[in-house]
Amino acid sequence: MTLPPGTPDLEVLDLLVSVAELGSLGAAARRHGISQPAASMRISAMERRLRVKLLDRGPTGSELTDAGRGVVDHARTVLAAVRELVDEVDRLRAAQAPRLRIAASKTIADHRIPHWLAALRQDHPEVVIALEVENSTQVAALVRDGVADLGFVEGPHPPAGLGSRVLGTDDLVVVVAPDHPWARRAKPVTLRELAATALLWREPGSGTRDTVWDLLSSEGAPTGPAAELGSAAAIVAAARTGMAPAVLSGLIAAPDLASGALVAVPTVEAARLTRKFRAIWRRNTPPSGPGELLVDRAARLELARSSAPRTVPATESTRVAVADGDGEPG
């Protein structure tokens with residue numbers, strides 16, 4: 001099927017409908033972002049193509065002819081059908097867009113994922129991302145169950161049975177309120193002291209908790225918690241009250257350290273107070289396409305971050321540790 005000779009241009013038909021709706025050629029031209037002479041020229045060209053007069057032009061303005069009103073009635077139907085076609089094409093395009101389901105631990109979702117996704121979007125804006133936020137154990141479960149194509153977790157060890165890649169490291173900081181006795185101590189706190197102290201802990205399954213527990217267990221069984229809280233924000237709030245010390249990600253602690261609401265406590269063997277950020281996936285489905293691109297962007301950004309000037313106050317507890325690059329095989 002071919003279009004018949006004289007088929008009008010859709011944009012000019014839309015312009016003619018605007019003349020009917022707004023009552024003047026000048027108003028229609030402004031709606032379409034063109035000058036009135038340009039609008040008049042376009043309608044004149046359509047009149048020649050259709051071989052019918054659409055507008056009566058006079059010193060006081062332009063009015064639709066009877067033929068023009070008849071064309072407008074049919075044009076409205078045609079333009080409505082075109083809009084439905086464009087909407088359907090948009091839906092089809094969205095359905096075919098690359099999609100990536102990811103899950104991330106709370107710290108990574110709040111402080112790293114936005115940067116990684118922005119970097120991915122710069123080169124691949126067509127990728128549609130769906131994100132779920134849980135603790136590290138729950139993220140691993142979502143990946144194992146196939147609910148997420150890719151996960152991002154922190155912790156001392158890769159989740160069992162999953163492929164993984166270390167993206168970088170995150171420093172952990174021992175923090176207390178300004179009026180806590182540790183805020184004024186000159187001697188760095190030892191890991192053995194931390195193990196013997198009732199700390200503010202995250203809930204079981206948290207990557208931060210697993211990292212700290214694993215580290216302190218090497219110095220003795222950690223004592224019971226001062227409180228066990230389900231979010232980093234709750235731990236920060238509790239630490240500010242002076243209830244107990246906490247071990248936090250430097251990313252989370254940075255604003256309160258900068259404002260003085262919390263104080264970083266010097267620690268012995270500060271370089272051991274780090275945890276790894278990992279991408280994880282099912283062993284039989286390593287990341288490809290958008291997932292591979294996202295992991296690559298994340299690794300590059302974390303490498304750049306580890307080399308950037310420090311933003312957390314420089315103490316023994318916040319010394320940057322170099323990533324050891326121990327990527328696990330897929």
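## Arg 278 and the basis of the model

The backbone oxygen of Gly 155 lies 3.1 Å from a polar atom of the Arg 278 side chain, a polar contact in the sense of a pair of N or O atoms within 3.5 Å, where within protein one must be able to donate a hydrogen and the other to accept it, and where residues adjacent in sequence count only if both atoms are side-chain atoms. Arg 278 is placed in strand β11, and its relative accessibility of 2% makes it count as buried (under 20% relative accessible area, with exposed over 50% and partly exposed in between, for a 1.4 Å probe and protein chains only). Helices (H or I, at least four residues) and strands (E, at least two) are DSSP runs, numbered from the N terminus.

This is a predicted model, in which local features need pLDDT of at least 70 and side-chain atom pairs count only at pLDDT 80 or more, while totals for chains, interfaces and linings use all residues. Residues are numbered from 1 along each chain as its sequence is written, and side-chain values use heavy atoms, with hydrogens and water left out.

## Confidence

The chain has a mean pLDDT of 88, with 92% of its residues at 70 or more; pLDDT is the predictor's confidence in each residue, from 0 to 100. Confidence is lowest in strand β2 (residues 61–64), with a mean of 86, and highest in strand β10 (residues 263–264), at 96. Over residues 311–330 the pLDDT is below 50, although this stretch has 50 contacts in the model beyond near neighbours in sequence (contact means heavy atoms within 4.5 Å). Where pLDDT is low, the predicted coordinates should not be read in detail.

## Nonpolar cores

A nonpolar core is a set of buried Ala, Val, Leu, Ile, Met, Phe, Trp, Tyr and Cys residues joined through side-chain atoms within 4.5 Å. The largest has 20 residues, of which Trp 116, Phe 152, Leu 167 and Leu 294 touch the most other members. At least two residues each come from β3 (99–105), α5 (106–111), α6, β5, β11 (274–282) and α12 (290–307), and α12 gives the most, with 4 residues. Beyond its neighbours within four places in sequence, Leu 294 is in contact with residues including Leu 100, Ile 102, Trp 116 and Phe 152. A second, separate core of 18 residues includes Leu 15, Leu 16, Met 46 and Leu 55.

## Aromatic rings

There are 2 aromatic pairs, counted for rings of Phe, Tyr and Trp (its six-membered ring) with centres within 6.5 Å, planes under 30 degrees apart being stacked, over 60 edge-to-face and the rest tilted. Trp 116 and Phe 152 form a tilted pair, at 5.1 Å centre to centre and 55° between the planes. Because Trp 116 lies in helix α6 (residues 113–123) and Phe 152 in strand β5 (residues 150–155), the pair ties together parts that are 36 residues apart in sequence. Both Trp 116 and Phe 152 are buried.

Arg 69, in helix α4 (residues 66–96), is partly exposed at a relative accessible area of 41%, and a polar atom of its side chain lies 2.9 Å from the backbone oxygen of Leu 64. Arg 51 lies in the loop between α3 (36–50) and β1 (55–58), where its phi is near 60°, a positive value in a residue other than glycine; at 76% relative accessibility, Arg 51 counts as exposed.
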